[in-house]
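Me: Could you help me learn to read some features of a protein model? I would like the general idea, then the case here.

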Amino acid sequence: MTRTKIDIAIPSLTGRRAVVTGASDGIGLRIATRLARAGAEVVLPVRNPAKGESASASIRAAAPGAHIALQELDLSSLASITAFGEAMRRDGRPVHLLINNAGVMSPPSRQTTADGFELQLGTNHLGHFALVAHLLPLLQAGAARVTSQVSIAAARGGIDWDDLQSERSYDDMRAYRQSKIALGLFALELDRRSAAAGWGITSNLSHPGVAPTSLLSARPELGRTADTSAVRAIRWASARGLLVGTPETASLPALLAATSTDAGGRRLYGPRGLGHLGGAPAEQPLYRTLRSEEDAARMWSLSEELTAVAYAGT
């Protein structure tokens with residue numbers, strides 16, 4: 001089956017600085033490449049320097065003359081996030097776009113971060129919560145757009161406030177879903193607080209639908225020694241243009257949310273195809289799991305407590 005070409009126009013980003021987490025491969029690499037091709041200086045915060053160098057070379061091959069800056073960052077370590085934030089603030093230049101794209105998915109058994117958080121909650125949500133706090137002065141200086149990548153999985157379930165860290169009972173998908181709901185609640189609350197405090201930051205959400213990436217592939221460091229049956233099925237369907245997307249199309253909702261002049265705060269963007277699994281990007285109704293302002297404020301306060309990171313002026 002021949003797949004219809006799906007793409008969006010991205011405005012010129014010359015003179016603008018973008019930070020993209022999780023850009024060493026997969027969807028994040030596609031996002032960073034498109035931003036660089038549009039003229040942005042792209043900061044790649046990476047955990048693995050070798051993968052970062054490879055990603056940088058790939059971007060420069062696709063966007064000759066691209067301005068790429070590699071920085072070390074491990075979102076599962078608050079110390080690493082602090083060091084990255086300090087380095088960025090010493091540099092002092094405004095950040096105009098931040099795409100919180102990095103994530104881990106479904107370790108078969110419960111694992112923890114360097115700070116003792118359940119790995120998915122700690123990396124997918126708390127790491128990004130702390131990152132935005134450390135970059136806040138630069139985001140304010142750049143009147144930034146912050147786009148946080150959630151998941152179609154976040155449309156179901158909810159937050160188990162009595163077992164946020166999955167200490168009593170661990171289910172890999174429940175923990176993943178909860179981490180993405182937490183990230184979404186934070187991103188929406190960030191926009192509310194920015195509007196109330198006059199920070200000048202716009203915060204919104206995207207989700208990539210379903211596409212073949214490394215999230216469900218063999219990841220020995222996560223205890224997954226072989227590709228999951230799910231990722232094998234996704235690859236099969238993607239190659240045939242059936243329902244799901246590709247890494248290229250899956251990058252488009254975040255790019256739309258981050259760069260379109262029509263994209264606003266507290267909105268969700270994702271594929272508009274059947275089941276929102278693939279297709280062209282568009283605004284979508286906010287998931288039921290993300291609509292409670294009370295839950296968002298509660299998640300913000302709890303995240304400040306867990307990370308010991310405070311947002312100035314809140």
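Me: Phe186 and Trp300: buried or exposed?

Reply: Buried means under 20% relative accessible area, exposed over 50%, partly exposed in between (1.4 Å probe, protein chains only). Here Phe186 is buried, and so is Trp300. This is a predicted model, where local features need pLDDT of at least 70, side-chain atom pairs count only at pLDDT 80 or more, and totals for chains, interfaces and linings use all residues. Residues are numbered from 1 along each chain as its sequence is written, and side-chain values use heavy atoms, leaving out hydrogens and water.

Me: How many aromatic pairs are there?

Reply: Rings of Phe, Tyr and Trp (its six-membered ring) pair if their centres lie within 6.5 Å; planes under 30 degrees apart count as stacked, over 60 as edge-to-face and the rest as tilted. The count comes to seven aromatic pairs. Phe129 and Trp300 form an edge-to-face pair, with 5.4 Å centre to centre and 80 degrees between the planes. Phe129 lies in helix α4 (residues 119–141) and Trp300 in helix α9 (residues 293–307), so the pair ties together parts 171 residues apart in sequence. Helices (H or I, at least four residues) and strands (E, at least two) are DSSP runs, numbered from the N terminus.

Me: Which residues form one aromatic cluster?

Reply: Phe129, Phe186, Trp199, Trp300 and Tyr311 do.
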